[in-house]
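Here is a brief report on one protein model. Have the sequence and the structure open as you read.

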Amino acid sequence: MEHEGSHRFARKKRRTRLWLIMGLCAVLSLVVILAISLGVVHSHALSSSSPSSESLKKTFIDKCEAFIQNNKSSSANNCQKIWSAFQQAFVGRDPCNVPMEAYDPLIHTVIQDPVCNRMLFWSKTKKIVHDFTEKRDCFLTLEDTLVGFIMNGLTWCGKEESNETFTTGCPGWTDCVNNTVRSFWNRASAAFADAACGDVTAMLNGSIATPFSPTSIFATIEVKRFKAAKVKSLSVVLVTKENKGTTCDDPSLQDLQKEIEPKLKYNCKAVPESKIQDCISHPDTACGACW
């Protein structure tokens, strides 16, 4: 009995030792696999473009070509040249140190015909203004132009000592003044305002305390570029909630009148949001009747 018990104990020890060895081998195998995987990924990152860069380029080119296909007046544009000019603005730079002037080559590369009497500016009315222009072709916002259409909804940046384009880890709108995205929209807005001609319209939010915000792009960049030599009038559409909220006598709108050149005609009309929504739902309604 004692001899048989010794054999059982020995077999149990061998089985335990075997399981320990097998477990150790499994752990070592996993470590080796992970190391190889990390090495392959690292090597790939050094030898080719990052996925985010390739993804952004594809989205950029696809949107550019789709816009040109649907807008024959933009057919003279070359999407590859526009992409190259775009990258020059920020690749290899601190994402918080990209001034709006860095996008000058991009703006000059894009060919955009002037659209007198149809340019629509906006501030704090993004959704309704784009719902409106999506259904109507009587007005055009910055986001309805080639460069605005391409970049709308995208995030990008570069990093110092890198030739990559990143779509994550980029500074937010308010993180720094000269961040990559903010500087682009400032420069594109300046170009859009510089091209303003004829009768210009601005859709402002009448449901907030300050429809003409002194810190908005409309106030700090666009309005300052309306020149009487090209622009005849500025019409403000003040979007309200069923006749509630601010009116055209609001002090901020009086400030707006002071900002524009004296020769520019100015008028303002408070329009219920429901009326504009009705025009969106009924595209056969003449644009002039929407406000």
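Asp131 has a relative accessibility of 21% and counts as partly exposed. This is a predicted model. The side chain of Asp131 forms a salt bridge with that of Lys127, at 2.8 Å from N to O. Both residues sit in helix 5 (residues 126-135). They are four residues apart, about one turn of the helix. Lys127 is exposed, at 62% relative accessibility.

## Pairs across the chain

The model has six salt bridges in total. One of them joins Arg225 and Asp194, with the closest N and O atoms 3.4 Å apart. Arg225 lies in the loop between helix 8 (217-222) and strand 3 (231-240), and Asp194 lies in helix 7, so the pair ties together parts 31 residues apart in sequence. Arg225 is partly exposed at 29%. Asp194 is partly exposed too, at 37%.

Another salt bridge pairs Glu273 with Lys241, where the closest N and O atoms are 2.7 Å apart. This pair links distant parts of the chain, 32 residues apart. Glu273 is in helix 10 (residues 273-281), and Lys241 is in the loop between strand 3 and helix 9 (251-259). Glu273 is partly exposed at 22%, and Lys241 is partly exposed at 46%.

## A buried threonine

Thr180 belongs to helix 7 (residues 180-194). Its relative accessibility is 1%, so Thr180 counts as buried. Beyond four places in sequence, Thr180 touches Phe90, Pro95, Val98, Tyr103, Trp156 and Cys157.

## Confidence

Average pLDDT for the protein chain is 86, and 82% of the residues score at least 70. Residues 1-14 stay under 50, with zero contacts beyond four places in sequence. Residues 31-51 also stay under 50, with six such contacts. Where pLDDT is low, predicted coordinates should not be read in detail.

How values were computed: Residues are numbered from 1 along each chain as its sequence is written. This is a predicted model: local features need pLDDT of at least 70, side-chain atom pairs count only at pLDDT 80 or more; totals for chains, interfaces and linings use all residues. Side-chain values use heavy atoms; hydrogens and water are left out. pLDDT is the predictor's confidence in each residue, from 0 to 100. Contact means heavy atoms within 4.5 Å. Helices (H or I, at least four residues) and strands (E, at least two) are DSSP runs, numbered from the N terminus. Buried means under 20% relative accessible area, exposed over 50%, partly exposed in between (1.4 Å probe, protein chains only). A salt bridge is a side-chain nitrogen of Lys or Arg within 4 Å of a carboxyl oxygen of Asp or Glu.
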